[in-house]
Every structure is written in C-alpha cells, then in structure tokens.
Amino acid sequence: MIKDADDVIELMIRCAYGKEGMIKDAEDVIELMIRRGHYPDVVTYISFMDGYCLRGKYVVTYDSLMDGYCLRGEVNEALAVLQTMKRRGIVPAIRTYNILINGYCKKLDIAIDLFQQMLLLEGFDTNY
C-alpha cells in the first residue's frame, strides 16, 4: 500500500532496478524499505522476477513462484511449477527442493520423497 511520497519513490526505484536486471541494487532498496517499516508487495516481487529473467536466472523466478504458493499453503500448485520447470528443461536447484520440502512439512511422506528425489534423480551432493 502506498502511504506517502517516499513509497512512490521507492516503488519507482525498485521497479526500475528490476526491469534493468539490477537485482543487487533492487535488493538494497528492499532492505532499506524493510528497515523503514515498508514491506515488499506483489509489485516488488514482479519486478524481481522480471529482473531475474533478464539476467537468465529462471530457476530463481520459478523458486519465487513456488515459495509464494507454499506460503499460501498451496503446495500442490508449487509442485506443479516444479513439473513445468522440468518439462521446459530448467534444472531445479537445491533451494528449489528446500522450498517444496518446507512447504510439505505438514505432509512428511511427500517431503521425504522430494528429498530423495533431489538426492537420487538430480544427483545433488548434500556436502556443499
């Protein structure tokens, strides 16, 4: 919610940074906003996703979508995003699986299955 002129300026800055793929600068603005008591909204996340896509960081974009679904309790939708990633040839990262495992913690059997999938199918090394 935009409360004052500072909010408008911060919104413009983070959108500009995101659209230009200047993610680190956008993250710095977000940290400043949070310190001032202003929290990211949907526009912020869309800007970040645009920026990550511009920089070829598609995994981060998909991770953000999955994280959002999991935070809303829509873990099946998050799992569908993982399937879409794989169909499009985008290799999931460890963070991708961590997001889903955290989302499924209330359904431990699915979380364990995802963990095993990460280790066996994707070949990740847990000693990083």
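In the predicted model, helix H5 is followed by glycine 89, a residue with a positive phi near 80°. H5 itself comprises 13 residues (75–87). Its end C-alpha atoms are 19 Å apart, which agrees with the 18 Å that the helix should span at 1.5 Å a residue. The buried residues of H5 are Val75, Ala78, Val81, Leu82, Thr84 and Met85. These residues cover an arc of only 165° around the axis and therefore lie on the same side of H5. Their packing partners are H4, helix H6 (94–103) and H7.

Helix H4, spanning residues 58–71, contains 14 residues. From its first C-alpha to its last, H4 reaches 20 Å, close to the 20 Å expected at 1.5 Å a residue. Val59, Thr61, Tyr62, Asp63, Met66 and Cys70 are the buried residues of H4. After H4 comes glycine 73, whose phi is positive, near 80°.

Over residues 58–92 the chain is 77% helix and 0% strand, and the end C-alpha atoms are separated by 10 Å.

Helix H7 covers residues 108–120 and includes methionine 118. Methionine 118 has a relative accessible area of 4%, which is under the 20% cut-off, and is therefore classed as buried. When its neighbours within four places in sequence are left aside, methionine 118 is in contact with Ile94, Tyr97, Gly123 and Phe124.

How values were computed: Residues numbered from 1 in each chain as written. Predicted model: local features only at pLDDT ≥ 70, side-chain atom pairs only at ≥ 80, totals over all residues. Heavy atoms only, no water. Helix = DSSP H or I, 4+ residues; strand = E, 2+ residues; numbered from the N terminus. Buried < 20%, exposed > 50% of the residue type's maximum accessible area, 1.4 Å probe, protein only. Contact = heavy atoms within 4.5 Å. Expected span 1.5 Å × (residues − 1). Arc of directions from axis to C-beta.
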